[in-house]
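Student: I am new to this structure and would be grateful for a close look at a single part of it.

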Amino acid sequence: MTFAELRREYEKDRIGDDIFARIQELVRQVARKYPPAVYSEIAAVGGDWTDEAFDALAQSFITDSLLADRQLDYTMSQATTLEDFDRLTRFQLRRHLRDIRRRSVIDNLLDRVRERLAAAPYEQYAGDRWILAGRSIQDREPHRDELEKALRRASLVPREASQAIERAPRVYAPADLDALMRGVAETLDCPLSLDHLRWIFEQLLTELAPSELLPIHEDMAEEEEGVEYASWAETSLRAERHAGGPLIAEPEPSPEEAALVSEAVTTLRASLSPEEAEILRLKLAGLPDGKVADAVNRSRATIVARNKEIFARIHEHLESLDERWHRRAFDELVRSLGDAS
Amino acid sequence: MTHLPDWLIAAREASEGHRVSAPNAEIEPTCPRPGEMRTVGPMDDDSSGHARLVYVLEVDGEYGFATVALTTNELDLAIPDDVLVPGDKSGAPFDVLIELGIVAPLWWAQLGPVLGEVALEEVQDDPGLRTAMALRRQDDIRWSFKESELHELQVLAADCARTVIDEPEVAIVPEVDPEAVASCLANSDARIARLLASDGSLRCAPIRGSAALELVQLTSRSLGPDLLEVVLGRVLNESLTSEAPATSPRSRSAVAWAPPRVGSGAERIDELVNARAERRIRTMRLITGAEFWASERRPDYCAARTEHGAVQVLPEEL
């Protein structure tokens, strides 16, 4: 297909057979670098993308981003070659993936906010609006400068470092979320609603989202071979989510299988030098390559190369295990890295 | 026979609207206006720069450049300098951010189709369109995003910025179209006297190269003595005594004009444009006749593509 043909199809149908096929292929190329537990809107099977998950992502990308938000027009306003089209579409897809994750984060925060608003020190004012009990307020919507003041106050509340492979990091510890809500309620001289808090979270996450919602994955250059996402990332997600419980019920291995898993992990762990173990530990804590490089006094390029070596070694040691036990193996590896640090 | 799923056909129907023009689509070569959102591309097809969408802030008619701010669809990466422009305000099919901190000059000939238009004050003063958090830390990804945005615009603007800053004198002195001079000589056309300003100074650079020698031979004795003074004494003879020898070899390789010139393929004008392109001065004011343009209306600018790169030509009436 030439670019002239692609352009003609766009002029005629916007998305026809050829453009659809091309977008589907790009979705597969890009998405497989990202853990499906975090970015797929349907459950991943065995820690990997499935055809159904790719199709669902292609559908939401095309309907929400390319057509409803007119981002295909944005691409076509600037593309003059097939390479341009692919480059811009990849870029659009990465934004779409980031949006999926951010929506999850804000929805989770609002769920937690809703629980808190149902209890003291808050009381329902009227409809879906709340006030701090006993506080004298005016019955009106907040002024813009009041909301901005509340936003500034909320921006001072410390946030937790997000876990790179967690679908919806909680962002605020319970006490900090309490402090944020109280600060907002005290700043407004009127009742607050979930819409006001959503707006504040959206502003805060505008600053937060790009740097914290796509951290580890953006380090993986998509054109590079051999850095493909594997089940290790999703497994480590579960290891880091003890409080939240597993995303999918996990099977239990027999004693013999459990011994095989432990042996594979022990061998793998022994193959890692202290520096490699530290790099892996930091990567799993969600640090971008630049920060890992600073922490171990190496260049970023060295860390990128080491990541590839480490991931290849993990794959090498775990591939002999039944796929069902990969997650368990990774849990053990994460624990052993934590014990050593 | 199409193999599209039903959901795609339904989504396509729900989002029908006009298609956007390609960045390199042919457009009417008219002077840009502040407030326009236009695509821009590199001057030369083999450049490493990518086409982008920009917002025109100011227009300079003397050198033929527009001061533009880059725009982006990365709405999440806004900083307080940026202004959100919803599509329903600009007429563009999508929302963009105008990045008022990422600004550079671009030649008019780099500008492509208009995608939308909105007055800056209409959006700049609306606090609802400027809500971004301050950019405080270098590890905020918006920092590196802005750096890469600046780099992209610098690649597109490099030629224009270099010429405007380093060679403003050369860029601003008009050249005279040797074909127009030849036509005046052949027809004893008194318009040639317009090459002199009222104080007797020359309005254009002397004709150089072998074109000057050719024109000397064409000089008609039927011209009055005053006009002969203009043609021989100033426009042509000055070139014979200039630092660049009149007979030095110059490229006359063919130039592609857009919009086309009448009688393109004329070697003397090609020599002039090639000389500019070789020196990487990508703009030229050209005193010429209306009869040299195929269109009814003289274009505000045109692009002349040579083997050494493109030159933007700003025609002026002889």
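Which residues gather in a patch of negative charge on the surface?

Tutor: This is a predicted model, in which local features need pLDDT of at least 70 and side-chain atom pairs count only at pLDDT 80 or more, while totals for chains, interfaces and linings use all residues. Residues are numbered from 1 along each chain as its sequence is written, chains are lettered from A in the order in which they are written, and side-chain values use heavy atoms, with hydrogens and water left out.

The patch of negative charge brings together Asp64(A), Asp69(A), Asp88(B) and Asp95(B). Asp and Glu count as negative, and the charge of Asp is placed at CG. Accessible areas come from the Shrake-Rupley method with a 1.4 Å probe.

Among these residues, Asp95(B) lies in the loop that links α2 (87–90) to β5 (96–107) of chain B. Helices (H or I, at least four residues) and strands (E, at least two) are DSSP runs numbered from the N terminus. Asp95(B) counts as partly exposed because its relative accessibility is 34%; buried means under 20%, exposed over 50%, and partly exposed in between.

Of its 318 residues, 53% count as buried. Chain B exposes about 13,900 Å², of which carbon and sulfur atoms supply 50%. Among contacts in chain B (heavy atoms within 4.5 Å) with a separation of 6 or more, 72% come from residues 24 or more positions apart.

Note on methods:
Patch = residues over 30% accessible without salt bridge, like charges linked within 9 Å, V, L, I, M, F, W, Y side chains within 5 Å. Salt bridge = Lys/Arg side-chain N within 4 Å of Asp/Glu carboxyl O. Buried < 20%, exposed > 50% of the residue type's maximum accessible area, 1.4 Å probe, protein only.
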